[in-house]
Structure formats: structure tokens, C-alpha cells
Amino acid sequence: MNSATDFSQPDPLDGSGLVVVDKPAGMTSHDVVGKLRRIFRTKKVGHAGTLDPMATGVLVAGIRRGTKFLAHMVAADKTYQATIRLGAATTTDDAEGDFLPATTIEDGLNQEQVSVRLSGLSDDDIAAAVASWTGTVEQVPAKVSAVKIAGKRAHQRVREGEDVEIPARTVTINQFTVHSIRRGSDDEIGTAFIDIACTVTCSSGTYIRSLARDIGSDLGVGGHLTKLRRTHVGPYGLSDAATLDELADNPQLSLSLDDALQRSYPHWQVTEQQAIDLSMGKRLPACGLDGVVVAIAPNGRAIALVTETTGARAEIKTVFVARPSTL
């Protein structure tokens, strides 16, 4: 027996797992990681899926060995509640940037002409623009994003004065639901606007503020994001989340690594010997597994994520060993 299968031995994964944070506005994801390192008294903290400082909501962090699992969940679909404001573009595609002149929408256009266009937009026009950005689309990330260009973040290059060109990437917008369309005016800057409150469920790597920019551009009036709240990352939602203040008062995992693995992947019950073999990274004979599954030992502990290769030498191999025999 080893610690993966023997309850008489201390569980090496005690204290390892995920913390789902309800991130407040005004903090970077890195700021949240710093707070969690102090709260849980460990340097082994990481996060999956960066949230911009303006955004709030679900930020999934790994604690101790939970950090090793993050790489296997970053591709999870995400759901956002957002407000897109039509009528002006900004340097960052969100409310934290500076307003761009109307000429950035179209050469020779002034703000009065933008307002005229805006007043002529119908709800059907907006619905058509939203529909065109639903499904599999080619999206150019925001220039002040965390996308790496030749090894350096795009936002770093922008801050250093570079003119950044980011190639388009394929993303999938599974759901783009408009809840309300509100028309108003900003007396401070003297311009009209249209606010679109919506829910977006999308693949990893999608930028919601880029959606705001592109919909505004398609409609010829400019657009940017004014509110963003992430409600789900894969199977983890706001119901799992705690605020940083709550965690400071009561430091506890949202999910153990066992719970996280078993919530995220289909289960495959293995024998004690198979569990021991997998904990050593050994390969097992093929048995018809479909996709990535989590191998569960007879004692209920998650041992590893595994997948089955195809071809003449089909076999089961580990993707991630949660409880290696070396622990």
C-alpha cells in the first residue's frame, strides 16, 4: 500500500485544493494571489483565468498541490454578466481607458454624427450585431491584454509606447443573451449612449471587452465595457465563492483536490493495484475509456487524471497524477 490507498497514512493532499474567490473590483488577479498566500501561509498559490481589475466575480485559485491542477482546467468555458456601452470607444475597450475621438470609428466622423447614428439604432440592429458575434468567431484581443507577443505581455508593450498588433484568434461564444437595452445620456461628457445588459458564455481566451469594441465598431458608433462580473469558470460558480474578507476570517478551501477533480471529470473506479500503479505514473491496459477521466481508488481518493491512447498500442496513460507515490 501507499498513501494513495492507505487511510492509515496521513493524506499528503491535506490542505491542497481550490479556493474560489469572489474578486472585488480594483484588484488585479495577482493582488488576489498575494492576499491568499498570506491567508493560507504558503507561497504555493496560483490562479486560472485572469480577471481585469475592473471585473468582479469568480477567480479560481489553486492552493499547494492544487496549483498543479490549474493547467487542466484553464480551458473551461466561462460565463459573464456584462454591460456594453455603445456610443464611444476607449483606449482599453473598457471604462478604465481614455475616450477615443469619433474619428477612430470612421475617418471624418464627429461626436454629433455618432449621436445621430446612435439615435437611429433599433433594438433589432443591436440584436443582429450580437448574433453576428455568436458561435465560432475570429476575435482580436484588446491591446492592453495579457496576451504574449514574442514573450512579452501586450499591455507591457503598450505601456512602453509600442504600437501593438495582435493576431486574431478563434473563440466560441456559446451563449450571448441580451437582457435589456437602455438609452440615456452622460451629462458630464455631453454624449448619448446605449447600455446593453447581457450574459455571455464563452470559451477560454475570449475577451468580453473586445466583444464590446467590435459590436460598437460594427454598428458604427463605438463601444466599450462598463461592467463585468464572472459568474462561472467551468463547474465552479459564485455559490462556491468566498470574499477575501471571509477567507481572512475563516481560511478554508472551497474544494479539496479530491472534490475538484471529481467535480470536473467523469469518474473511473480502479482497483487498489491500479491506483498504486497510476500513482507511480505507470501505464495500464486499454479498457475503452472516453476522453479524460479521474481514476478513483477503492477508498474514494482521486489518484490521477488519465486518458486512453488509440491505435495498435492503445493503453491508459496519466495526464496529471494527483497523488504521486513520491509524496
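Predicted model: local features only at pLDDT ≥ 70, side-chain atom pairs only at ≥ 80, totals over all residues.
Turning from the surface to the inside, 47% of the chain's 327 residues count as buried.

As for the fold, the chain is built with nine helices and 17 strands.

What about the inside of the protein? In soluble globular proteins, nonpolar side chains tend to be buried together. In this chain, the largest nonpolar core has 48 residues. The members that touch the most other members of this core are L36, I84, L86, F176, I208 and I215. L36 makes a handy example. Setting aside residues up to four places away in sequence, L36 touches V19, V21, R41, V45, A61, L244 and L247. Apart from this core lies another one, made of 23 residues, and L18, A48, L70 and F320 are among them.

D277 sits in helix α9, which covers residues 272-279. Is D277 buried or exposed? The cut-off for buried is under 20% relative accessible area, and D277 has 15% relative accessibility, so it counts as buried. If its neighbours within four places in sequence are left aside, D277 is in contact with K282 and L284.

Technical notes. Residues numbered from 1 in each chain as written. Heavy atoms only, no water. Helix = DSSP H or I, 4+ residues; strand = E, 2+ residues; numbered from the N terminus. Buried < 20%, exposed > 50% of the residue type's maximum accessible area, 1.4 Å probe, protein only. Core = buried A, V, L, I, M, F, W, Y, C linked by side-chain atoms within 4.5 Å. Contact = heavy atoms within 4.5 Å.
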